[in-house]
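Good morning, and thank you for coming. Please look at the sequence and the structure on the screen, and then we shall go through them together.

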Amino acid sequence: MLKIEDACITYGELELFTGLCIHIKKGEIVCISGESGSGKTSILNAIMGFVPLKSGTITVDDLLLCEANIDLIRKKIAWIPQELALPCEWVSEMIQLPFELKANRGIHFSKTELFSTFKELNLEEELYTKRVSEISGGQRQRIMIAVAALLQKPFLIVDEPTSALDTVSVERVLNFFNILSQKGMTILAVSHDRTFKLGCDNIIYL
Amino acid sequence: MGTIDISYWNLLVGLLMMGIPLYFLWKFKTGLVQSTLIAVIRMLVQLFLIGVYLKYLFIYNHPLVNFLWVFIMIIVAAETALVRTRIQRKVLLIPISIGFLFSVALIGIYFLGLVLKLDNIFNAQYFIPVFGILMGNMLSVNVIGLNTFYSGLQREQQQYYYLLGNGATHQEAQAPFIRQALIKAFSPCIANMAVMGLVALPGTMIGQILGGSSPNVAIKYQMMIVVITFTASMLSIMITIKLASRQSFDKFGRLIRVFKENKKNA
């Protein structure tokens with residue numbers, strides 16, 4: 001699903017990493033870990049074309065990351081950034097935002113499916129009608145995971161999915177990711193969380 | 001019924017009224033006294049100069065000369081927009097100039113040719129004021145809209161990249177920021193339109209009535225001026241944003257630096 005070959009990312013004079021190779025198979029759950037500033041988020045951003053590689057190549061589902069393929073690659077991805085704070089007033093707006101995109105119009109948004117996913121992640125249905133300001137960081141993280149799952153993309157990229165969660169909730173998220181991976185979804189996460197890391201199929205240290 | 005001329009002496013008498021706002025600006029230590037005085041002097045000089053060149057434009061009344069005036073207005077308006085938005089010249093200059101030129105020409109000629117049905121649409125008496133009012137409105141709407149669009153993109157980058165990362169096209173990812181730009185730029189115009197004639201008598205109408213037109217004619221011109229300024233402003237900002245986007249994002253849709261750096265940071 002993902003091949004990163006000999007990748008190097010620099011910001012001006014600062015070299016984050018060089019010679020990075022990552023191979024991820026379909027249905028795998030992989031966690032990238034490492035010290036702050038080692039380039040974990042940058043590599044996630046590079047896969048979506050948000051950060052340029054100084055050298056090396058990235059291939060997603062046999063599509064080489066380049067100008068011609070970038071839209072096709074992004075259509076295969078569900079993406080949850082770290083500490084996502086969308087300027088939406090209502091949780092329902094925040095949830096529906098990606099379903100309004102042309103690329104996702106083929107996916108029927110159903111509240112029944114959403115609430116069933118909510119249940120798996122221990123979220124109450126009432127959250128759907130609340131204001132974004134009324135929910136906690138942990139609830140927001142799990143809501144966005146539920147949304148990403150409903151998008152039914154082959155590749156989920158998620159930055160620090162469990163940073164605001166307790167151990168029980170982390171395990172619940174891991175179980176949920178395992179169900180998704182069994183259905184064929186490939187998951188690439190960045191995390192510092194020990195419980196989360198140990199529950200993944202592979203850990204890459206930067 | 002003609003218009004009563006104002007003698008230079010009476011103009012000076014009228015200008016004495018500025019003493020009242022200047023007094024309060026000075027009393028409350030607003031720091032605006034000097035800039036107000038400079039603004040008043042600039043206004044007087046600029047309007048006197050306009051009086052002179054408009055006089056000759058009306059005497060020559062030649063389509064080429066009139067168009068040349070429009071081109072100069074577009075250059076001045078584009079430069080003003082660059083200064084007021086602080087957007088880099090290479091990003092904005094050509095897009096906004098094309099946006100202004102296309103919109104003012106299309107809407108202006110449509111109004112003069114199809115609504116007023118003038119035999120000579122380049123007649124300076126109509127061409128100059130109509131194109132002038134269009135330019136003025138387009139400039140203010142573009143400045144507000146472009147500032148809102150680009151500062152929104154800078155501030156809410158996470159939203160922009162979240163949408164792109166979940167499959168949005170570049171147009172879709174920009175759409176929330178264009179929406180905000182249009183809301184901010186056009187809300188005052190819509191509010192003014194809604195109370196026109198109730199809260200205040202609009203400028204074109206007052207000008208026409210003072211110039212000797214009947215109120216019946218004046219209101220029709222006012223209606224059309226509101227419509228053409230609104231339409232031209234919308235057209236120009238949409239063209240400008242569309243064209244400026246080519247310079248504001250790279251081939252992967254990444255936002256590149258659009259605002260000029262502060263001198264302190266340079």
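The domain assignment of chain B gives domain 1 (8-60) and domain 2 (62-248), the bounds coming from an automatic or database domain assignment. This is a predicted model, in which local features need pLDDT of at least 70, side-chain atom pairs count only at pLDDT 80 or more, and totals for chains, interfaces and linings use all residues. Residues are numbered from 1 along each chain as its sequence is written, while chains are lettered from A and ligands numbered from 1 in the order in which they are written.

The C-alpha centres of the two domains of chain B lie 26 Å apart. Their contact takes 4 residues from domain 1 and 7 residues from domain 2, where two residues are in contact if their C-beta atoms, placed from the backbone, lie within 7 Å. On the domain 1 side, 4 are nonpolar, with no polar and no charged residues. Here Ala, Val, Leu, Ile, Met, Phe, Trp, Tyr, Cys and Pro count as nonpolar, Asp, Glu, Lys and Arg as charged, and the others, Gly among them, as polar.

Let us turn to the contact between the chains. Chain B gives 16 residues to this contact and chain A gives 22 residues. Which helix supplies the largest share of the side of chain B that touches chain A? Helix α7 (residues 157-165) of chain B does, with 7 residues; helices are DSSP runs (H or I, at least four residues), numbered from the N terminus. By class, this side of chain B has 6 nonpolar, 6 polar and 4 charged residues.

Conventions: Helices (H or I, at least four residues) and strands (E, at least two) are DSSP runs, numbered from the N terminus.
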